[in-house]
There are 2 protein chains.
Amino acid sequence: MDPSQVKIPPTKDLTVDNITENVLRTNAVCEDERTKYVLERLVSHLHDFARETRLSSREWMAGLQFLTEVGKICSEVRQEFILLSDILGLSILVDSIDHPKPPGSTEGTVLGPFHSHEADDMAHGDCLSRDVQGEPLLVVCSVTDTRGRPVEGVKVDIWETDSTGHYDVQYAGRCGPDGRGVMRSDSAGVFWFKAITPVPYPIPHDGPVGRLLRLLRRHPYRPGHMHFMFEREGFDHLITALYLRNDPYETSDAVFGVKDSLVVDIGRAGPEYAKKYQVPEDHALLTYDFVLVSDAETSALRERNSKVAMDHLGRKVKMVNGLPVPDLD
Amino acid sequence: MDPSQVKIPPTKDLTVDNITENVLRTNAVCEDERTKYVLERLVSHLHDFARETRLSSREWMAGLQFLTEVGKICSEVRQEFILLSDILGLSILVDSIDHPKPPGSTEGTVLGPFHSHEADDMAHGDCLSRDVQGEPLLVVCSVTDTRGRPVEGVKVDIWETDSTGHYDVQYAGRCGPDGRGVMRSDSAGVFWFKAITPVPYPIPHDGPVGRLLRLLRRHPYRPGHMHFMFEREGFDHLITALYLRNDPYETSDAVFGVKDSLVVDIGRAGPEYAKKYQVPEDHALLTYDFVLVSDAETSALRERNSKVAMDHLGRKVKMVNGLPVPDLD
């Protein structure tokens, strides 16, 4: 490139104390305000992390080698960086920030690395799982908006492990999807299907993230749960899951996904449910009423939360495409 | 694993506000004090970064995909994570923290991704570079300790690009090392060799790090420089480089490596040098006196700096294996 085109403000003689401001000034050449702000915060925290830990060259190299291995093990069916984000609590935090929930609505939780887009469409009453070793479970749910009105035609994506704690995509020799399906809520906002009772299982721990967990003396287990994802125009995309109460890992989920409001009891079908849904009496039963938040409510709440957070930083904020950037005027 | 062995303190009902303390409490099960402290600071900064930027799920995913690509492109001869650390100013910061320099000693700078362990041993006066297109340069240097005493037998590792701005390892079809060599200082602390005048060159920018630089509107160039690495028992390992004054990229080095004290002028050999080192008069000449710091001086300075940094955080510190951890007593 033509050196006369260099527009970077001059930096020189960098020290522990002035390196951060120099990097920020260099990056400030960026014209996109959001990118510039995200990089400013990223560099500031990265540098403060090194300064506050007095990070040694050896530790720095170990960290870079760890990240390299995390990247290397990623494949079409394994995303180790998501897993790393999950076990550090970053995934659940980002979900909570991006999908704020007003009181009374259904909370979100981590997507996890096992969602897949190849699930078949299901009719009401269909079986989600072909695993005959699992304990049969009738699932009857409804979807309403925050004013209690049923929402029809919501696309609901559901996925769970088999009775050994493995998702279909974890089997190399599988033929087609299993333990997952997509259905739509009916005019009463109801959707129902047959599944198996979720079991606890370990996240993949044969890679670098598993090694980190062992180093930290943490276990890799998640409590038994069933994933749900809700999509309908006009409503904020909801990624959530229901967790079984009294699971041995209920309070030590390796990926910090459990929220009180998402913990459920497995009930038993009484005569009415048994007749209506054609299962034997006393059949295991899971019911839940999901409450979706409109896009408008979500945007307003997200913007309000952003202003509070930027106030804490002592910075004036303006919103660009729904995301905060410092307002320099 | 046996769930009764779970020693993780209970976490539940995580929110934007309490997720960090929950993750820290979980990681605190770790028995290694230094690991625990580094992870505590890492998680705190990672979470604050997300909270302060109001990081969106889309941005989070873009970030994880970027890191995955950085990992994927790494190979035996390319370390893209080092490059990423370099362009964010982290590498130079960590070097400054881990290798603090008292006044008058030679400052360190970034190692860069092109050091290799396959350099040949050189005798004084040997040629570092076989590139006949380069401008010949006589290099005459000395090594002393901080009291000005010559240091003999220092292993000096030197590497530079060819005249097109490429290191040997960047050529797929190369046969053996070039532009690099290892020599030892003599009894007067002197080492000298023939090389070529360094030229500016871009860091590898055909990968994800190059994409990030373009997004930030930054160029990938480094000013012309020659790398030096010094090793001798009893002295702190010194990784440094000398930069040419008035290089077009002197004040906008893509990896923030330039320090005032490492910027040099290319001189011309007078009659004495010409005769002593058997070069024509007016031959291009680079001279520099390197000052090494003893291990003991470095440790003391590193520890003093650590205490100041931990004071800023309002935390009592104790040193474990030369690195700080909070002192809880």
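## The annotated N-terminal region

UniProt, in an unreviewed entry, places the feature "domain: Catechol dioxygenase N-terminal" at residues 32-105 of chain A. UniProt positions follow the numbering used here, feature names are shortened, and annotations may be inferred rather than shown by experiment. Over residues 32-105, chain A is 74% helix and 0% strand. The end C-alpha atoms of this stretch are 35 Å apart. Helices (H or I, at least four residues) and strands (E, at least two) are DSSP runs, numbered from the N terminus.

This is a predicted model, in which local features need pLDDT of at least 70, side-chain atom pairs count only at pLDDT 80 or more, and totals for chains, interfaces and linings use all residues. Residues are numbered from 1 along each chain as its sequence is written, chains are lettered from A and ligands numbered from 1 in the order in which they are written, and side-chain values use heavy atoms, with hydrogens and water left out.

## Two copies

How are the chains related? Chain B can be laid on chain A by a turn of 180 degrees and a shift of 0.0 Å along the axis, with an RMSD of 0.1 Å. That is the relation of a two-fold axis. In chain B, the C-alpha nearest the axis belongs to B:Gly71, 2.1 Å from it. The superposition is by least squares on the C-alpha atoms of residues with pLDDT of at least 70 in both copies.

The copies meet through the same surface, because 100% of the interface residues of chain B are also interface residues in chain A.

Buried means under 20% relative accessible area, exposed over 50%, and partly exposed in between (1.4 Å probe, protein chains only). Among the buried residues are B:Phe81, B:Leu84 and B:Ile87. What covers them? The cover includes helix 3 (57-73) and helix 4 (80-87) of chain A. It also includes helix 3 (57-73), helix 5 (90-98) and helix 6 (208-215) of chain B. At the start of helix 4, a side-chain oxygen of B:Gln79 reaches to within 2.8 Å of the backbone nitrogen of B:Phe81. Just after the helix, B:Gly89 takes a positive phi of about 80 degrees.

The largest nonpolar core has 72 residues. Such a core is a set of buried Ala, Val, Leu, Ile, Met, Phe, Trp, Tyr and Cys residues joined through side-chain atoms within 4.5 Å. A:Ile87, B:Leu84 and B:Ile87 have the most contacts inside it. Leaving aside neighbours within four places in sequence, B:Ile87 is in contact (heavy atoms within 4.5 Å) with residues including B:Val209, B:Leu212 and B:Leu213. In helix 6 of chain B, B:Val209, B:Leu212 and B:Leu213 are among the buried residues. Their cover includes helix 3 and helix 4 of chain B. Just after helix 6, B:Arg217 takes a positive phi of about 60 degrees.

## Sheets and a hairpin

In chain A, an open sheet of 6 strands has the order 1-4-3-8-9-10, with mixed pairing. Strand 1 (120-121) and strand 10 (263-264) stand at the edges, each with a single partner strand, so one side of each is left without a neighbour in the sheet. Two strands pair if DSSP finds at least two bridges between them. Strand 3 (residues 155-159) and strand 4 (residues 180-184) of chain A run antiparallel, joined by 5 bridges. There, A:Asp157 has A:Val182 as its bridge partner.

In chain B, an open sheet of 4 strands has the order 5-2-12-11. Its edge strands are strand 5 (190-196) and strand 11 (267-268).

A:Thr109 lies in the loop between helix 5 (90-98) and strand 1 of chain A. Is A:Thr109 buried or exposed? A:Thr109 is buried, with a relative accessible area of 1%. Its side chain makes a polar contact of 3.3 Å with that of A:Tyr243. A polar contact is a pair of N or O atoms within 3.5 Å; within protein, one must be able to donate a hydrogen and the other to accept it, and residues adjacent in sequence count only if both atoms are side-chain atoms.

A:Ser306 sits in helix 8 (residues 295-312) of chain A. A:Ser306 also counts as buried, at 1% relative accessibility. Not counting residues up to four places away in sequence, A:Ser306 touches A:Met319, A:Pro324 and B:Arg54.
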